Number of protein chains: 2
Amino acid sequence: MLLTIDLGSEVPLYQQIRDRVVEAIAGGDLAEGSALPSIRQLAADLAINFHTVNKAYDLLRQEGIIRINRKSGAMVRRDPSSGPPQPGYADDWQARLRTLLAEATVQGMTADEVLQRCGDTLASFHTEPTTKEPA
Amino acid sequence: MLLTIDLGSEVPLYQQIRDRVVEAIAGGDLAEGSALPSIRQLAADLAINFHTVNKAYDLLRQEGIIRINRKSGAMVRRDPSSGPPQPGYADDWQARLRTLLAEATVQGMTADEVLQRCGDTLASFHTEPTTKEPA
DNA sequence: TATCTGTTATAGCTCATCTATATCAGATAA
DNA sequence: TTATCTGATATAGATGAGCTATAACAGATA
């Protein structure tokens, strides 16, 4: 299964799909230029309505992360960062980061510990696709 | 104004209040043990219904971040991390961190840049309350 | 012709969010 | 006592988000 969602989560299904795709791209499991499952196919695999998948794909398209072609389906954009940078995106992302880090701090996590987790997470993105280990 | 919200945001008002309080605590603007505005007072200041503020405070209470006393109102918990750690909280937080960092990575931010922002943000929490600069 | 793709429209259901009103108990101060 | 503050709770209604269901269309492909 390319993608797993949690029907019981408070996070909307289309948001979960979007998040999983973003993580798969960052982690190298979805290479740039590779094709995503068709809307109907993924909806069938996940046993949800295809409109929900369509909304997730449309969101990814708006974010400049994937391209959607009427005939060939959806594919990971080759260089998302080369697209038009959303105005105010960096500020928005920074604000969300601040909220998340503040939460960890209040819950008693030390700055070192938080930074360690950030580093570990980022390092996990540098791995090659799970097809083969780098020799 | 202790707290600012954005009526036009997609983020629910009660969530915004919760986030701003968490950030204020992490940043030292709300010291441990200090009192929060009363539900009705804050609602009046923000020009919203007091039920919305009540929901935000209740959420903060459930997270172990504040204490609410029927007579003395709400106050910042002295040591939130000493409370009962929510089962699975660390995993949940880690998952949200992973999503956020993956997003930045996909949008073209380098790992160094992301880590730099994390460090800067965490460092900003170490400042004293904005009353006075450290001599 | 048949089947796949994305796209669009409409409708309905459920639930979250927010507001509005009202009431209650308890503490505090004039 | 009277008035005013506090949080807590119940009910109701409006609005919109999220998800599903059904249908139809255009274009590509086999």
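Please keep in mind that the model is predicted.

**Around DNA strand D**

Let us begin with DNA strand D, which is surrounded by 21 residues. The closest of them come from both chains: Leu13(A) and His51(A) on one side of the list, and Ser38(B), Arg40(B) and His51(B) on the other. Of the atoms of DNA strand D that come within 4 Å of the protein, sugar and phosphate make up 60%.

Sorted by class, the surface near DNA strand D holds eight nonpolar, eight polar and five charged residues.

The side chain of Arg40(A) places an N or O atom 3.4 Å from a base nitrogen of DNA strand D. Phosphate oxygens of DNA strand D are also involved, with Ser38(B) contributing a side-chain N or O atom and Asn49(A) a polar backbone atom.

**Around DNA strand C**

DNA strand C also has 21 residues around it. Here the closest are Ser38(A), Arg40(A) and His51(A), together with Leu13(B) and His51(B). Sugar or phosphate accounts for 58% of the atoms of DNA strand C within 4 Å of the protein, and bases for the rest.

H3(B) provides the largest share, four residues. The classes here are eight nonpolar, eight polar and five charged residues.

| Residue | Atom of the residue | DNA strand | Distance |
|---|---|---|---|
| Asn49(A) | polar backbone atom | DNA strand D | 3.2 Å |
| Ser38(B) | side-chain N or O atom | DNA strand D | 2.7 Å |
| Tyr14(B) | polar side-chain atom | DNA strand C | 2.8 Å |
| Asn49(B) | polar backbone atom | DNA strand C | 3.1 Å |
| Thr52(B) | polar side-chain atom | DNA strand C | 2.7 Å |

**Helix packing**

Now for the helices themselves. In chain A, the axes of H1(A) and H3(A) lie 8 Å apart, and the two helices pack at an angle of about 50 degrees. H1(A) and H3(A) are therefore oblique to each other. The crossing in which H1(A) passes H3(A) is right-handed.

In chain B, how do H2(B) and H3(B) cross? Their axes come within 8 Å, and the crossing is at roughly 120 degrees. That angle makes H2(B) oblique to H3(B). Here, H2(B) passes H3(B) in a right-handed crossing.

**A strand pair in chain A**

Finally, chain A has a pair of strands. Strand S1 (residues 66-69) of chain A pairs with strand S2 (residues 73-76) of chain A in the antiparallel sense, over four bridges. Within this pair, Ile68(A) stands opposite Ala74(A) of S2(A). The two strands, S1(A) and S2(A), are joined by a hairpin through three residues.

Note on methods
Residues are numbered from 1 along each chain as its sequence is written. Chains are lettered from A and ligands numbered from 1 in the order in which they are written. This is a predicted model: local features need pLDDT of at least 70, side-chain atom pairs count only at pLDDT 80 or more; totals for chains, interfaces and linings use all residues. Side-chain values use heavy atoms; hydrogens and water are left out. A residue is near a molecule or strand if one of its heavy atoms lies within 4 Å of it. A polar contact is a pair of N or O atoms within 3.5 Å; within protein, one must be able to donate a hydrogen and the other to accept it, and residues adjacent in sequence count only if both atoms are side-chain atoms. Ala, Val, Leu, Ile, Met, Phe, Trp, Tyr, Cys and Pro count as nonpolar, Asp, Glu, Lys and Arg as charged, and the others, Gly among them, as polar. Two strands pair if DSSP finds at least two bridges between them. Axes are lines fitted to C-alpha atoms, for helices over the stretch in contact, and angles run from 0 to 180 degrees between N-to-C directions. Angles under 35 degrees count as roughly parallel, over 145 as roughly antiparallel, 65 to 115 as roughly perpendicular and the rest as oblique. A crossing is left-handed if the near helix is turned anticlockwise from the far one by less than a right angle, and right-handed if clockwise.
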